[in-house]
Amino acid sequence: MNKITFLLDSKLISLEAIYSTCYAFIDKFYIYLDKNKENVIVAFQPKEGKVNLKTIEGEFRNELLSNLLREKITKNNSKIREYILGQALYSSTPSKIEEFLTKTEEDYIEDPLGIAIPWEEKTKSKNKTKKKSKSK
Amino acid sequence: MILKLNKEIYPKKAVQKAVSFYKKVIIFRLKEEKGYFSVSGNIEKNNEELVKNEFLNFVLGIIRQ
């Protein structure tokens, strides 16, 4: 039968990397994993046709290496990624200055001190009250 | 058909999920033995190998997700 089995050192290679690598191959191959004391056993069988399994093993090992490297990089960069994400989330929330500005703008529209009322209107109302007091 | 899946490699949740997905097609029985999950079911001998291999790949896919 067109089948190949090889061993991977479980001390050197993480299971996560093996899973990711297997996932890349399950569209064309049937994969069975097992384990003895020190090694993970990988069994490969093509779904269709005849394939040079030695080259497939080589491709699998290369993919495994790239996955291991990816895993290492994500581990090393985890703090930086968290920091960048934190910054992105922090900048999306309104700052204290922005909050203060929006509040003051709202106050201006409401005009609680009556600053926006023209001087003539203000004085008219005052004059009327003065005239009324004089007539009395 | 009896399929043995190493406990150190195949997580229980993934195997259970795969068995429950396959319920509509084939009823599998899941047992725990020394260091292995044993999955057994009645399948025609012609299709046995195919079902076995597809099931194994399916479990791997679930693990990765």
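Predicted model: local features only at pLDDT ≥ 70, side-chain atom pairs only at ≥ 80, totals over all residues.
Helix H2 of chain A covers residues 53-76, and H1(A) packs with it at an angle of about 130°, their axes being 9 Å apart.

## The fold of chain B

Chain B contains two helices and three strands. Read from the N terminus, its elements follow the order β-α-β-β-α.

The C-alpha trace of chain B spans about 30 × 25 × 15 Å along its principal axes. A compact globule of 65 residues would have a radius of gyration near 11 Å, and chain B, with 11 Å, agrees with this. Of the 65 residues in chain B, 26% are buried. Among the contacts in chain B with a separation of 6 or more, 65% are between residues 24 or more positions apart.

## The helix pair of chain B

Helix H1 of chain B (residues 12-22) packs with helix H2 of chain B (residues 45-64) at an angle of about 125°, and their axes are 9 Å apart. H1(B) and H2(B) are therefore oblique to each other, and their crossing is right-handed.

On the side of H1(B), the contact is made by Ala14(B), Val15(B), Lys17(B), Ala18(B) and Tyr22(B). H2(B) contributes Phe55(B), Phe58(B), Val59(B), Ile62(B) and Ile63(B). This contact of H1(B) with H2(B) has nine nonpolar residues, no polar residues and one charged residue.

## Where the chains touch

The contact between the chains takes 14 residues from chain A and ten residues from chain B. On the side of chain A that touches chain B, the elements that give two or more residues are helix H1 (15-25), strand E2 (29-35) and strand E3 (39-46) of chain A. E2(A) gives the most to this side, with six residues.

By class, the residues on this side of chain A divide into ten nonpolar, two polar and two charged.

Definitions and conventions: Residues numbered from 1 in each chain as written. Chains lettered and ligands numbered in written order. Helix = DSSP H or I, 4+ residues; strand = E, 2+ residues; numbered from the N terminus. Rg over C-alpha atoms; globule rule 2.2 N^0.38 Å. Buried ≥ 20, exposed ≤ 12 C-beta atoms within 10 Å, placed from the backbone. Contact = placed C-beta atoms within 7 Å. Axes fitted to C-alpha atoms, helices over the stretch in contact; angles between N-to-C directions. Parallel < 35°, antiparallel > 145°, perpendicular 65-115°, else oblique. Left-handed = near helix turned anticlockwise from the far one by under 90°. Nonpolar A, V, L, I, M, F, W, Y, C, P; charged D, E, K, R; others polar.
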